[in-house]
Amino acid sequence: MTLKNLHDVYHDQLQDLYSACKQSLDATTELGRAAADRELSEALIAGANGISEGMDHLKSICARHDIDPEGEHCKGMAGLVTEARAHAIKADFADDATRDVVIITQYQRMVHYALVLRLPCRICQPSEPGRGGRHSAKASGQHL
Ligand SMILES: [Fe+2]
């Protein structure tokens, strides 16, 4: 796809971020289930709920632009999810606390990928595209 203007770039980024959220949602839930510490586990499940809410927000933004949020596959998040599963879930640990620390490091990597979702939208505005948006594309929700 040739990106012709800022709107094309914005749409491409929305789809990429939606894909990133979708992939990280399952992985965050898996990390939450794998965590031994109850507070960590609950925080990760809350984080998954925040991701889900963010996906709903991204869907509504995409709907206003008449684009399919599923139009892209984020290879960056795919790599991070693969890493998270390999290092925090499939790996062997001598004790639960060590696994929990690795779970935190892997979750932070995934969350940092999606930090751009917290930036205010300067391009998108439903009634006047290109004049500066008033909404924030906050989508990553709860953080540890
Ligand atoms: Fe991406």
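Helices here are DSSP runs (H or I, at least four residues), numbered from the N terminus. I took a residue as buried if 20 or more other C-beta atoms lie within 10 Å of its own, exposed if 12 or fewer, and partly exposed in between, with C-beta atoms placed from the backbone.

This is a predicted model, in which local features need pLDDT of at least 70 and side-chain atom pairs count only at pLDDT 80 or more, while totals for chains, interfaces and linings use all residues. Residues are numbered from 1 along each chain as its sequence is written.

**α1 against α3**

I then checked the axes of α1 and α3, which come within 9 Å and cross at roughly 10°; the axes are lines fitted to C-alpha atoms over the stretch in contact, with angles running from 0 to 180 degrees between N-to-C directions. The two helices, α1 and α3, are therefore roughly parallel to each other, a label for angles under 35 degrees. Contact, for which C-beta atoms placed from the backbone must lie within 7 Å, involves residues including Ala-27 and Leu-31 of α1 and Val-81 and Ala-84 of α3.

**α3**

I recorded 16 residues in α3 and a reach of 21 Å from its first C-alpha to its last, close to the 22 Å expected at 1.5 Å a residue, where the expected span is 1.5 Å times one less than the number of residues. Its buried residues are Met-77, Leu-80, Val-81, Ala-84 and Ala-88, and what covers them includes α1 and α4.

**α2**

For α2, I compared the 39 Å that its 27 residues should span with the distance between its end C-alpha atoms, which is 39 Å and agrees. Among its buried residues I listed Leu-44, Ile-51, Met-55, Leu-58 and Ile-61, and the buried residues of α2 pack against α1 and α4. Glu-42 also lies in helix α2, but counts as partly exposed because it has 13 C-beta neighbours inside 10 Å. Just after α2, I found that Asp-66 takes a positive phi of about 55°.

Terms used: Parallel < 35°, antiparallel > 145°, perpendicular 65-115°, else oblique. Contact = placed C-beta atoms within 7 Å.
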